[in-house]
Amino acid sequence: MATTQSQMVADAYVQRTGRAIELVGITTFGDVTKAHLAQLGGTGVFVSALRDKLIDDEVDFAVHSLKDLPTTQDPRFTLAAIPARHDHRDALVGPRKFADLAPGARVGTGSPRRVAMLSALRPDLEYVPIRGNADTRIGKVTSGELDAVVLASAGLTRIGRDAEVAQIFEVEELLPAPGQGALAVECRADRADLVEFLGVLDDPRTRSAVTAERAVLNALEAGCSAPVGAFAADDGHTLNLTAVVVSIDGREAVRKSAAGSPSEAANLGRLLATEMISAGADRLMGEQSH
């Protein structure tokens, strides 16, 4: 997946600028360990290894799935480009739709957010923690170990496995992780030449939308293990943002929406998070850590 995403971005730069881009493969501890991501400290294990290579000048820029990036900005780096977002939604891979799964069916996902939201929709199913790349996860359905798995729709499209999708969840059912479906091109903040070069792929509407989503997560002080979903859309005039915090069992949720100017994206996200905390979101997140 990471290689495919990096190649897509590299190809887009070659197309726009005519300059050759060389891909450098980096294997991180997160790629080879069998431990669950929550035990490793979340998806940050992938990010820090790539950032080390940027600092050591071994690579000029790195391509991340934006939802993996910590929401607190490291001043040594800058997000030089956030290209136009792909599908932000979650997808069910398996032989049948979610509503048609038999009671007690086993559904695999590595995300507490998905478990909480899916439990709210179908508490009668068994949610099984899984990890590994998308092909490995889909293989668990093919082998009969699981009845279905839930993955990001954009990732499945990128690796050409979207034909196996039984259902795409709309945001009313499953709010995506902040930044889901978007890629981020990161380089060192002191490389003005690179910041300018990489900026040609930046999509302002995607940037304002994901900025608002990530601001919610940051203001809620929620790590990637907390069941938080957020989605924003920028129509060029107004930024519409919806966010939710769900209790881990899916029985309680605080869901709020707000609209504002795209230029005030971060502020909109922070204000919405404040409203959610007032409505009890912090209590739901507190239960998560006990």
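Colleague: Over how many bridges do strand 9 and strand 10 (residues 239–246) pair in the antiparallel sense?

Modeller: This is a predicted model, in which local features need pLDDT of at least 70 and side-chain atom pairs count only at pLDDT 80 or more, while totals for chains, interfaces and linings use all residues. Residues are numbered from 1 along each chain as its sequence is written, and side-chain values use heavy atoms, with hydrogens and water left out. Helices (H or I, at least four residues) and strands (E, at least two) are DSSP runs numbered from the N terminus, and two strands pair if DSSP finds at least two bridges between them. For the antiparallel pair of strand 9 and strand 10, the number of bridges is seven.

Colleague: In the open sheet with the order 9-10-11, what does the twist average from one strand to the next?

Modeller: The three strands of this open sheet pair in the antiparallel sense, and its edges are strand 9 (228–234) and strand 11 (253–260), each of which pairs on one side only. From one strand to the next, the twist averages 10°.

Colleague: Which helix packs on this sheet with a direction that makes about 150° with that of strand 9?

Modeller: Within the sheet, Ala 233 stands opposite Asn 240 in strand 10. Helix 5 (residues 112–121) touches strand 9 and strand 10 (contact means heavy atoms within 4.5 Å), but its direction makes about 90° with that of strand 9. The helix that also touches strand 9 and strand 10, at about 150° to strand 9, is helix 9.

Colleague: Which residue takes a positive phi in the hairpin of strand 10 and strand 11?

Modeller: Strand 10 and strand 11 pair in the antiparallel sense over eight bridges, and the bridge partner of Val 245 in strand 11 is Val 254. Six residues lie between the strands of the hairpin, where the residue with a phi near 80° is Gly 250.

Colleague: In the open sheet with the order 1-8-2, what does the twist average from one strand to the next?

Modeller: This sheet has three strands with antiparallel pairing, and strand 1 (61–65) and strand 2 (77–81) are its edges, each pairing on one side only. Angles run from 0 to 180 degrees between N-to-C directions, with axes fitted to C-alpha atoms, for helices over the stretch in contact. The average twist from one strand to the next is 40°.

Colleague: Between which domains does the second largest pocket lie?

Modeller: Among the residues that line this pocket are Thr 71, Gln 73, Arg 207 and Arg 270. Helix 9 (204–219) and helix 10 (265–278) each give two or more residues to the lining, and helix 9 gives the most, with six. Because both give residues to the lining, the pocket lies between domain 1 (1–85 + 182–202) and domain 3 (203–289).

Note on methods:
On a 1 Å grid over the protein atoms alone, a cavity is a set of points where a 1.4 Å probe fits but cannot get out, and a pocket is an open set with protein on both sides within 12 Å along at least five of seven lines; lining residues have an atom within 4 Å of a point. Domain bounds come from an automatic or database domain assignment.
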